[in-house]
Structure formats: structure tokens, C-alpha cells
Amino acid sequence: MSVRAAYIILDIHKCIYELIDKLTTATSPWTRWKAVPEYPMEDILKQFAKPVIYIEKPVKIGLIQHQGGLPCGRYKMKLGAWDDRKTGGPEEIDIIDSAIQNLFDNHQTVHTTQFTVTLDQTYTNTTLITQGIRIEEIDGGREIATVDIKEFRIEHNLYLRA
Amino acid sequence: MANPNTTQLAPPSVDDVVLGQHAIHEYVRVEASALAPVVWSNMKYVQSINIGEPTYDFETPLFHMGSKDKRVKKVGPTWQVTINVLNGKVGETLAALRGESWGSSNVGIPLNSSNDEPQVHLVTIFRKQDNTTHVFSRVIQDLILDDSPFDVSMQVSDSVINGHTYYPPFLVYTGYDVIYDVWDATPSTPTYTLSSTPGSLITASNYNQWDFDNAAHIKLKDNSDSQTMGNRMTTGVSISGVTMTWTANTPASGDKVYCLYVAAAA
């Protein structure tokens, strides 16, 4: 009942995406935003009325090893947010930035928040703890330049073990 | 001008180094229940097992004949050993090496050690990058576990389990397994059958603390003397083929016999 070694990139990505997607459907202020499972192309972005939180695929950055056996991986994932509503100010992107950091800084909450994900089978109301993912830390949001100065983007790096 | 040596050596091959990542460590309890052979257990979570060069110190305890509290005065080499494991697994590793259960019958495990008798034999099997092909092995025999610290840092870290041994570590050639046979003595029977045919280990006469060419040690725990651990034999016993023959101190009722040796891997 955990992320699979042979599908590790896919499974980690699905779990983190489904976690955030669940929040955007159920929990304020997340319900003001839309989760998308990859970096959105502009034509896709325009389809959404809400600011998007995009979850990029994890990249392996290290191993926790023991002599004689298989290692456990450490991964980095980009979580970004993009507000293209041109409302005039960065307040909403700052709220998204804060919510993302608050979620992943709180190790009790992030590891026990329930979501549903399909890996080898569908796991209903599962958690990151159950799926074998351990959040290590999230860094602060970096501003990303946009073509239109009325749009706002930030990106975080999320570090985890699986 | 003449050049004394114009040889240019070929580069080392990809297998000329061994990495800890591809080594696997095994242990057996010195006082294992009688079995020939005793089954080795794999050690998990190991970051490194290190043994340094020996120091030569006095050991101060004295030997009391006929007493249960047997303490031995030794003059001779002591090898310090450190076992580094992922810090989340120190308790489990200590319990395994001490032969205790942690979490079932007892939920505590002291970091200090109150047992100055050998607890385990360790074998490190070095392999190629495939985690399969044997390169060579290292044997640490008669390891005594010592007091150990426990630090916790903010980063992924390991913790050390300390130990020492009074007996030399040794390397074992490619394709040879380390075998540990233990018997409950069959009274008045001078022969015991080893579970494998011992390989020729070393020329014992060339080395201190070695008494047999085809065994690391042969021990006898004398029940009539209330011994709590096996004592190494230097004479009175020999091995030929798979047969161990006692010509003196033939094991008696309640005694235990131990033999650590190597044999061609099956």
C-alpha cells in the first residue's frame, strides 16, 4: 500500500497532485484555486477562471543508502502558482504562497490529510504517510517573471523521501 | 641516462575497488544454540562497520579459578570496532546483536553494555556493483559490545555502536564462506563432524593468536567449571577433512563446542 519502486516518479506525482486537488475542492482558501498536474501551456491556463497551482514531476536528487541493500530516494518537486486574472495586485499569489508553505511546513497536517489516488489500485481516503511519502521541507516562493505585469507567478521546491 | 623502471601499468579495472554500498554484513551470536552450521543473519541499516589497527594495553580484571565471575587478565592487542547504523534503527540493531528482544518482552534497551564477553562474530561480504558477485570477505571474531552514544541531528544521520575484540580480524578469499558450527557435547565422544569441509585458512605458525591452519578458532565451554563462554583451544584438538578430533579435554556432558572456519561457498 505505497508508492511503487517501478513507478516511483508517476506515483509520487499523483499523490502530491491528488492531495492538493482535494484541498482545492474542499478547503478554504484552497477552493479559490485550481490544481493542475503539470506546468500549464498558456492556452490551457486561459481555460481556468481561477489561479492555478501546478505540480511538476519529481526529480531524484539523492539517496539514503545502507550497505548491501536498496536505497531510499530523495526527490525535489516544483510547485508553482499562476494568477493570470489581472486583478491588479499580488495579494492572491501571496496567499497561495503562504498556504503552500503552511501546508508542507506542518508535518502533522500534510502527512495525515486524506485524499484519493489511483496507483496500482484506487486508494480511497489515503494519506502521504500510508503511501510511503515523507515530506522533508518546502522552500519559499520565488517570483517568476511574466510577460504581462498584471499576472503573477511563484514557484516552490518541495523536498521529500519515498 | 638509464631509467630504472619504464613500465607503465595498465589502469585499475572497474572491480579493483569495493564500495561499502555493495557490501553486506552478517552476524551470528557467539553463544548461538547448537547447530552445524549456525545460520548467519543479515544486518540492515548499516552505514559502515570499521575496525582499526590494534592497541596493546593491559586489561586489569583478574582471573578467579572456580568462580562464576570469571575475569581474565590480558596483555595483548585490542581492536576497536564501530558499527554505524541509520539512527532510527539503533535500538533494533543493538537488540539483535545482544540477542535480546526489543518491543515484545522488553521495551527498553540500555545504551551501556554490562557484558564483557564476546557477543557476535561479524562477516562483511564485499561484492561487485551487481550486489551479487563475491570479491572477498572480512571477519571480525568475538566482538564484545561496549557502551554506545546516541546523538540526533537535524539531518539524515547515523549512530555508532561501539565494540572491541581481542582477536585478529582477517580477510577471506573470493568464493569462500564463513562457517560457524556449534555442538552440544556428546559425552565421551572425541569426534565431531563439521558441516562443511574447511578450506586452508592460513599458516598459523606465521601469526600470533592463530592456532590452527584450517580454523579461526575452536572453543570449548566447560560445564564442570561453570564457564559462561567458550575458551579457545590451542592444543588437544585438530581438524582433518570434516572431522574434528579431541585428543585431550574430550568434551563432557553439558559442555559446548564451537568452531569458526571457512569453506568453499556452495
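Predicted model: local features only at pLDDT ≥ 70, side-chain atom pairs only at ≥ 80, totals over all residues.

Colleague: What makes residues of chain B count as in contact with chain A?

Modeller: The criterion is heavy atoms within 4.5 Å. In chain B, 15 residues are in contact with 6 residues of chain A.

Colleague: How do you know what area is buried between chain B and chain A?

Modeller: Buried area is the accessible area that two parts lose on being put together, summed over both. Here that comes to about 860 Å², with carbon and sulfur atoms giving 45%. On the chain B side, Q21(B), Q47(B) and V156(B) lose the most, together 42% of what that side buries.

Colleague: How many salt bridges and how many polar contacts are counted between the two chains?

Modeller: The count of salt bridges is 0, whereas 9 residue pairs are in polar contact. Strand 3 (46-51) of chain B gives the most to the side that touches chain A, with 4 residues. That side divides into 7 nonpolar, 6 polar and 2 charged residues.

Colleague: Why are strand 14 and strand 15 of chain B said to pair?

Modeller: Pairing requires at least two bridges between the strands. Strand 14 and strand 15 (residues 243-246) of chain B are joined by 4 bridges, so they count as paired, and they run antiparallel. Within this pair, S240(B) stands opposite T243(B).

Key. Residues numbered from 1 in each chain as written. Chains lettered and ligands numbered in written order. Heavy atoms only, no water. Buried area = accessible area lost by both parts, 1.4 Å probe. Salt bridge = Lys/Arg side-chain N within 4 Å of Asp/Glu carboxyl O. Polar contact = N/O pair within 3.5 Å; in protein donor to acceptor, adjacent residues only side chain to side chain. Helix = DSSP H or I, 4+ residues; strand = E, 2+ residues; numbered from the N terminus. Nonpolar A, V, L, I, M, F, W, Y, C, P; charged D, E, K, R; others polar.
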